[in-house]
Amino acid sequence: MTQTAYPSNSPGKQMLSEQVYAHLRDAIMRGEHAPGEALKPQDIAKDQGVSLAVVREALLRVVGEGLADRLPNRGFAVPSFSDRRWQEIAEARRTIEPVVLRMSIERGDVDWEARVRAAHHRLARTPAFVPEEGEYYSSAWSEAHRVFHRTLLEGCGNPVLLETFDRLWTASELARRFSANRDPGRDHVGEHRRLEEAALARDADAAAEVLARHLTLTAAALTGRTGQAKEG
């Protein structure tokens with residue numbers, strides 16, 4: 001296939017890189033690449049009909065989101081599944097997010113309150129599972145879930161902290177896809193309702209405690225340790 005040569009940073013090159021990035025991100029999140037599988041730039045370039053430079057740029061973006069690893073002298077690969085990796089992600093989230101939520105409750109205005117209420121309403125009304133998507137959480141619910149959690153934190157007004165949340169959230173979503181683990185006894189609806197109520201009541205202590213517990217249960221579900229989490 002004849003490829004068009006675009007100057008570095010040209011709109012055409014950027015558009016192709018965006019397309020390849022979106023393709024790679026979706027493929028990894030759909031589980032089309034197994035944990036630890038190599039992502040070979042040459043194969044991707046051939047499959048997508050683009051240059052190696054375009055593929056490498058897209059791969060670096062995927063790495064930046066935590067959806068791929070850059071291996072010294074070995075190229076790129078999907079992250080390997082390990083309980084330790086996901087426990088580290090969970091630990092980071094439990095350390096950062098309750099603190100940011102406290103800031104959000106302190107700084108958030110009335111518009112923030114309205115967005116939190118709207119995001120929770122959307123989440124509560126979106127089915128978590130649909131037959132056509134099998135054992136995984138539905139795409140619509142996953143997005144509503146992300147928006148609710150991010151909206152809770154947006155009142156902090158700190159884009160750097162929100163970027164950190166985005167990266168950790170993406171890594172957690174990949175873990176969910178790898179585990180495909182449901183906890184049928186877990187009260188997701190109640191947990192999210194209590195989060196909304198505590199945040200809108202401006203009860204920072206209660207909200208931080210509910211969020212930390214919520215994240216602990218999520219980590220347990222991803223590693224099959226739900227019994228231990230419920231006992232703790």
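Q: What do the axes and angles of packed helices refer to in this predicted model?
A: Axes are lines fitted to C-alpha atoms, for helices over the stretch in contact, and angles run from 0 to 180 degrees between N-to-C directions. The model is predicted. Helix 2 (residues 41-48) and helix 3 (residues 52-64) pack at an angle of about 115°, and their axes lie 9 Å apart.

Q: Why are helix 2 and helix 3 described as roughly perpendicular to each other?
A: Angles of 65 to 115 degrees count as roughly perpendicular. The angle between helix 2 and helix 3 is about 115°, and the two helices are therefore roughly perpendicular to each other. Their crossing is right-handed.

Q: Which residues of helix 2 and helix 3 meet?
A: Helix 2 contributes Pro-41, Gln-42, Ile-44 and Ala-45, which meet Leu-52, Val-55 and Leu-59 of helix 3. Of the residues in this contact, 6 are nonpolar, 1 is polar and none is charged.

Q: What makes Thr-170 count as buried?
A: Buried means under 20% relative accessible area. Thr-170 has 9% relative accessibility, so this residue counts as buried. Thr-170 is placed in helix 7 (residues 159-179). Leaving aside neighbours within four places in sequence, Thr-170 is in contact with Arg-25, Glu-65 and Leu-67.

Q: How do you know that the span of helix 8 (residues 188-200) agrees with its 13 residues?
A: At 1.5 Å a residue, helix 8 should span 18 Å, and its end C-alpha atoms are 18 Å apart, which agrees. The buried residues of helix 8 include His-188, His-192, Leu-195 and Leu-200. Just after helix 8, Arg-202 takes a positive phi of about 60°.

Definitions and conventions: Residues are numbered from 1 along each chain as its sequence is written. This is a predicted model: local features need pLDDT of at least 70, side-chain atom pairs count only at pLDDT 80 or more; totals for chains, interfaces and linings use all residues. Side-chain values use heavy atoms; hydrogens and water are left out. Helices (H or I, at least four residues) and strands (E, at least two) are DSSP runs, numbered from the N terminus. Angles under 35 degrees count as roughly parallel, over 145 as roughly antiparallel, 65 to 115 as roughly perpendicular and the rest as oblique. A crossing is left-handed if the near helix is turned anticlockwise from the far one by less than a right angle, and right-handed if clockwise. Contact means heavy atoms within 4.5 Å. Ala, Val, Leu, Ile, Met, Phe, Trp, Tyr, Cys and Pro count as nonpolar, Asp, Glu, Lys and Arg as charged, and the others, Gly among them, as polar. The expected span of a helix is 1.5 Å times one less than its number of residues. Buried means under 20% relative accessible area, exposed over 50%, partly exposed in between (1.4 Å probe, protein chains only).
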